[in-house]
Amino acid sequence: MTHAQRPRVVVVGAGWAGLGATYHLARQGYDVTLLEAGPYPGGLVAGWKTTGGRSVEAGIHGFWYPYRNIFALMDELGLQPFTPWTRSSQYSPAGLEVESPIFQDQPRLPTPLGTFLYPNFRRLPLIDRLSALPLLYAVVDFDNSDEAWRRYDSVTARELFKQFGVSARLYRESFEPMLLVGLFAPGEQCSAAAALGMLYYFILAHQPNFDVVWCRGTVGERIFRPWLEQIEQAGGKVFTQRRMTDVQVDESGTATAVLCGEEAFAADAVILAVGVTGMQKIVSSSPELHRRPEFCNLMNLGAVDVVATRLWFDRKVSVPLPSNACFGFDATTGWTFFDLNALHDEYRDEPGTVIEADFYHANQLLPMEDEQIIAKVQRDLAVCVPEFAHAQVIDSSVIRLPRAVTHFAPGSYRSMLPVHTSIPNVFMSGDWIISRHGSWSQEKAYVTGLEAANQVIRRFGMGQPATILPVDADEPHIQVARILNHNLRQFIQSRLPDFWLP
Ligand SMILES: Cc1cc2nc3c(=O)[nH]c(=O)nc-3n(C[C@H](O)[C@H](O)[C@H](O)COP(=O)(O)OP(=O)(O)OC[C@H]3O[C@@H](n4cnc5c(N)ncnc54)[C@H](O)[C@@H]3O)c2cc1C
């Protein structure tokens, strides 16, 4: 194939999904153009400098033990951007609640024993922790299949925990905080299917899964900048400030170009790697997509507000562990704070303390003035680490991210899209796309970008498909329980009419 005949692929959205697809296809010889609406690539993980020259980013991002594909990519790119595995704590208005060990350093126990036994719970009684045991049935029953999603998606996570007898205290002090930081919403607003999938991936599947590393600077600087250089070296073209508004489709129903207002980018295939809110804007402006029910149905999906703050204090405050999750401060908001002197190289020798505090489901914070938000952050920090009450904030940044992250609301599964669309050469990717891989968040976004790239490769028969590492197989006792449960379900279904709600 000559240079001029190479298939042209337009990728829309330069987050993990879009960058993953662009990188792989550019290296396979495709003529790839990546279009990003914002001023810099990175999507929700973008980082930049303030006018005062301080590094900020749209929230701190952890990389958990099962992020195998992202870790493999770092090896391939020759990057070593991460801290060692870090321990974390959890705080409530009553103070320190839990300190977690590095799970992979503890003697390995069959899941989920290590998760319940190894963390140092300061207050939560054993009886409350034991009340989670019946929930194991739902963990086994939810196998990430389409049927399992349909069975659990219309139930709220709170109802699920209630139905399985989880104690009020375990729900309030453990499960709901995890939902607020993992799915960005309180339990009554989360799909039970999403809750089970997310908890299994990050915590329950294998003892070390909750171990996490952080970037030693902004992800933008440490990962995306060198990655983009390699994308451009491979021939990928990256355009920022290009907002897709429509897709051009010919009489045969095949996409021929992506439109950004008046500008057209000719395409033999298109990969959409845009978040839910971005997709809804595209659908609203696209006469072509208006005609397709699966795209119009995206208007049923929701997104959650997030606020990311960074505070520079005038003195050193000793923060026991670098990463911390907090609950119980606001009824519907979870938050995390990070000691950046411990995590980021650039702040290691800073005379004062640098803290990132991110608020999820932060609707009520959005209208507040920056000063009000920073005062609240300092107050809440002082509840966790009292020394913060005496330190002065000498600089700060507040980044508002309205409708930024996917809301896995009850009933949302039926409106989400798989990789294929009704336009045969338009493929979907991103952290909200239906995928059977089993990963979540950044790893899922990257994996679905590769899955979409592989569909392009299958269509044109040119190049090697990307290797996608599967999540680690279920532990043997979970496998056995799943087989037994599956057989029992099939037996019951063959005997009873399809009469009750799933
Ligand atoms: C505060 C915060 C903390 C988080 N913490 C973690 C964490 O610790 N670990 C973790 O794994 N994940 C975390 N996440 C989630 C993670 O950021 C996302 O799962 C992931 O970045 C999604 O990547 P994506 O490629 O699917 O989408 P995005 O990153 O949303 O990228 C989509 C891109 O599309 C662009 N776009 C939108 N519309 C258009 C258009 N019309 N034309 C062109 N471009 C368009 C957007 O500008 C954006 O750059 C966090 C998110 C937030 C906000």
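Analyst: Gladly. Not counting residues up to four places away in sequence, Pro7 touches Tyr30, Asp31, Asp268, Ala269, Phe460 and Met462. Please keep in mind that this is a predicted model.

User: What makes Pro7 buried or exposed?

Analyst: The count of neighbours decides. Pro7 has 22 other C-beta atoms within 10 Å, and the label "buried" asks for 20 or more, so Pro7 is buried. Pro7 itself lies in the segment before strand S1 (8-12).

User: Which residues does Arg216 contact, leaving aside its neighbours within four places in sequence?

Analyst: With those neighbours left aside, the contacts of Arg216 are Pro81, Phe82, Thr83, Arg222, Leu343, His344 and Asp345. Arg216 and Tyr347 are 9.7 Å apart in space, C-alpha to C-alpha, and 131 residues apart in sequence.

User: How do you know that the span of helix H8 agrees with its number of residues?

Analyst: Helix H8 covers residues 168-182, which is 15 residues, and at 1.5 Å a residue it should span 21 Å. The end C-alpha atoms are 20 Å apart, which agrees. H8 does bend, by about 35° at Phe175, and a proline, Pro177, follows within four residues. After H8 comes Phe184, whose phi is positive, near 65°.

User: What makes H8 mostly covered?

Analyst: Of the 15 residues of H8, 12 are buried. Among them are Leu170, Tyr171, Phe175, Pro177 and Leu180, and also Glu173 and Glu176.

User: How does helix H9 do on the span test?

Analyst: H9 (residues 192-204) falls short. A straight helix of its 13 residues would reach 18 Å at 1.5 Å a residue, but the end C-alpha atoms of H9 are only 15 Å apart. H9 is also mostly covered, with 12 of 13 residues buried, including Ala192, Leu196, Tyr200 and Phe202. The cover over its buried residues includes strand S5 (62-64), helix H3 (113-117), helix H5 (136-141), helix H6 (146-152), helix H7 (157-163) and H8.

User: Why is the ligand said to lie between domain 1 and domain 3?

Analyst: Both domain 1 (3-46 + 218-301 + 416-460) and domain 3 (302-407) give residues to the shell around the ligand, so the ligand lies between them. The ligand is surrounded by 36 residues, the closest being Gly13, Gly15, Gly43, Gly59 and Gly278. Elements giving two or more residues to this shell are helix H1 (16-27), helix H11 (276-285), strand S15 (302-313), strand S19 (393-407) and helix H16 (441-460). By class, the shell divides into 19 nonpolar, 13 polar and 4 charged residues.

User: How far apart are the C-alpha centres of domain 1 and domain 2, and how many residues make the contact?

Analyst: The C-alpha centres of domain 1 and domain 2 lie 33 Å apart. Their contact takes 4 residues from domain 1 and 4 residues from domain 2. On the side of domain 1 that touches domain 2, the residues are 1 nonpolar, 2 polar and 1 charged.

Terms used
Residues numbered from 1 in each chain as written. Predicted model: local features only at pLDDT ≥ 70, side-chain atom pairs only at ≥ 80, totals over all residues. Near = placed C-beta within 6 Å. Nonpolar A, V, L, I, M, F, W, Y, C, P; charged D, E, K, R; others polar. Domains from an automatic or database assignment. Contact = placed C-beta atoms within 7 Å. Expected span 1.5 Å × (residues − 1). Bend = angle between axes of the 7 residues up to and from the residue.
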